[in-house]
Amino acid sequence: MELLRSFAFGQYVPVESPVHRLDPRTKILAALALVAGTFAIGTFAGLAVLTVFLAAAIAAGRIAPGYVVRGLRPVFWLLAIAVALQVLFGEGGGHPVFRRGPLVVTRENLLLGAFYGYRVVLLVVATTLMMFTTSPVELTDGMERLLRPFRRAGVPAHELALMMTIALRFIPTLLEETEKIMKAQMARGAEFSQGSLVRRARALVPLLVPLFVGAFRRADALALAMEARCYRGGEHRTRMRQLEMRRADYVALAVVAVAIAVALGPPAAWHAP
Amino acid sequence: MYRAGTPDAVPALRGVDLDVSPGECVALIGGNGSGKSTLAKHLNALLTPTSGAVRVDGIDTRDADRVWDVRQRVGMIFENPDDQLVAAIVEEDVAFGCENLGLPPAEIRARVDAALRLVGLEHLRRRPPHLLSGGQKQRVAIAGVLAMRPRCLVLDEATAMLDPRGQAEVMETALRLCRHEGLALVLITHAMEEAALADRVVVLADGRVALAGPPAEVFSRAEPLARLRIEPPPIARLARLLAASGLPLPPGILTVEQLVEALSPLGAAP
């Protein structure tokens, strides 16, 4: 019932740290580079290098390791299923270590499964670290600036950023409204948390209809208010908050580049284990 | 124009002749459908007249090239405080209008700081709007408009959804800006106590001006008001009843303060 309290905005951890102070563009680029790097790395040693780097970044960002582990929870089942599929139904051949009926587990497939699992964990950690240290508002700003050069190519940078801003602004408002409607329906005998799945799904209809109607009404009012405040799209628009790449940002990007280069290792080592 | 293009087309406003000067506060009252909000939307070119003209600072609102000049000059605050704030942080929302005007960042920064100071919300600048009270949200909206340096502020039932404290906050802020900063203030309201604070009250009925004048004068005209189903502020009725029962009260009392002032010398006598 207490939707608002259980709903945390993104996963931002508001503490002071050198990583928090970095320009959001630096953190977005670093996360992208790490994601790409993780895919390119083909050795356990390379992944281990990135693990050390990410651990250092987590420490520098003053993020409790517990948070990082909790950040992995949503992907746990995906991870488990992906690894199980690889181990049980991977390529044939190799050295069998376990056999029951048609199922054959080979050493090669175990290693590959572990490797892919490790890789997914690193991907998730790299992106959650960005989310932990960058507020949603900063992320939006950073994304808008990074996409701006691609506007010529038809990327609606300003519109995307405005959509994110309005979403951030209105999610709490709509949650509050949901709670109000739920309470109103419950006062008239509606039941949201009991009964079969089908019954519970049907109980949501009288919740969703007023919520949607309300959201459209709000959208209409907001559009009018924005027009009254001279909004006319992204053309000629300026921003109060200016982003600034400082020396720390360039240093951070260089460190990320070096870490990825070391993890990739000499080109000769580019092969799957 | 309602139902435009059909045989029973009805003009929403007819023969409304109204001037608002800098530093003046005009209250627009009238029942539902009297044309109050339609008139308000004409003031900043959200609607343009089908006949007749609306001029803001000498600019005709039908001049398509200058719509944005008109909207910069006439700031509008709407009824629902939740549906007019755009950004997820107070100061960014205040900056929204200035950003639309394409001002340089340093200028926006200075204007946002000044506007937040004027409405007394500097301490909440980094908060997300949903954690603010209704009155505070409306003051954020006022700050957003102020940062655009308007000449006129239009409050379109901006206190209707607020609790009494929020109403007082918003009215105090708006009147202070009108009196001290020389903004023209147009109050569209259902609350007669608010209308009583204006310099001039304009009563609309069926798209026409039914009554106009200083609040004391308008609210003393009991019969036309009753016909328009408008109740004068309760204090005015109380003062009239007291005067009818023999107390020597001057006519035109509209606020608690005025009544207290008129009554206190009487209390001293036996």
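Into which domains is chain B divided? Keep that in mind while opening the model, which is predicted. Chain B is split into domain 1, covering 25–230, and domain 2, covering 233–270. The tour takes the boundary between these domains, then turns to chain A against chain B.

**Stop 1: the two domains of chain B**

Colour residues 25–230 and 233–270 of chain B separately. The centres of domain 1 and domain 2 of chain B, taken over C-alpha atoms, are 32 Å apart. Next, select the residues in contact: domain 1 of chain B contributes 9 and domain 2 of chain B contributes 6. Together these two domains bury about 540 Å², with 79% of that area on carbon and sulfur atoms.

**Stop 2**

How many salt bridges does the rule find across the interface of domain 1 and domain 2 of chain B? The count is 0.

Select α7 (192–195) and α8 (215–219) of chain B, the elements that give two or more residues to the side of domain 1 that touches domain 2. On that side α8(B) gives the most, with 3 residues. By class, the side of domain 1 of chain B that touches domain 2 of chain B holds 7 nonpolar residues, 1 polar and 1 charged.

**Stop 3: chain A against chain B**

Zoom out and select the contact between the chains, to which chain A gives 30 residues and chain B gives 39. Between them, chain A and chain B bury about 3100 Å², of which 58% lies on carbon and sulfur atoms. Within chain A, pick R169(A), R229(A) and M240(A): these lose the most area to chain B, together 30% of what that side buries.

**Stop 4: charged and polar pairs between the chains**

How many salt bridges are counted between chain A and chain B? There are 8. One to display is R237(A) with E99(B), whose side chains meet in a salt bridge at 2.8 Å, N to O. Between chain A and chain B, 14 residue pairs are in polar contact (both at pLDDT 80 or more).

Finish by selecting α9 (157–187) and α11 (205–228) of chain A, the elements giving two or more residues to the side of chain A that touches chain B. Coloured by class, that side of chain A shows 15 nonpolar, 5 polar and 10 charged residues.

Terms used. Residues are numbered from 1 along each chain as its sequence is written. Chains are lettered from A and ligands numbered from 1 in the order in which they are written. This is a predicted model: local features need pLDDT of at least 70, side-chain atom pairs count only at pLDDT 80 or more; totals for chains, interfaces and linings use all residues. Side-chain values use heavy atoms; hydrogens and water are left out. Contact means heavy atoms within 4.5 Å. Buried area is the accessible area (1.4 Å probe) that two parts lose on being put together, summed over both. A salt bridge is a side-chain nitrogen of Lys or Arg within 4 Å of a carboxyl oxygen of Asp or Glu. A polar contact is a pair of N or O atoms within 3.5 Å; within protein, one must be able to donate a hydrogen and the other to accept it, and residues adjacent in sequence count only if both atoms are side-chain atoms. Helices (H or I, at least four residues) and strands (E, at least two) are DSSP runs, numbered from the N terminus. Ala, Val, Leu, Ile, Met, Phe, Trp, Tyr, Cys and Pro count as nonpolar, Asp, Glu, Lys and Arg as charged, and the others, Gly among them, as polar. Domain bounds come from an automatic or database domain assignment.
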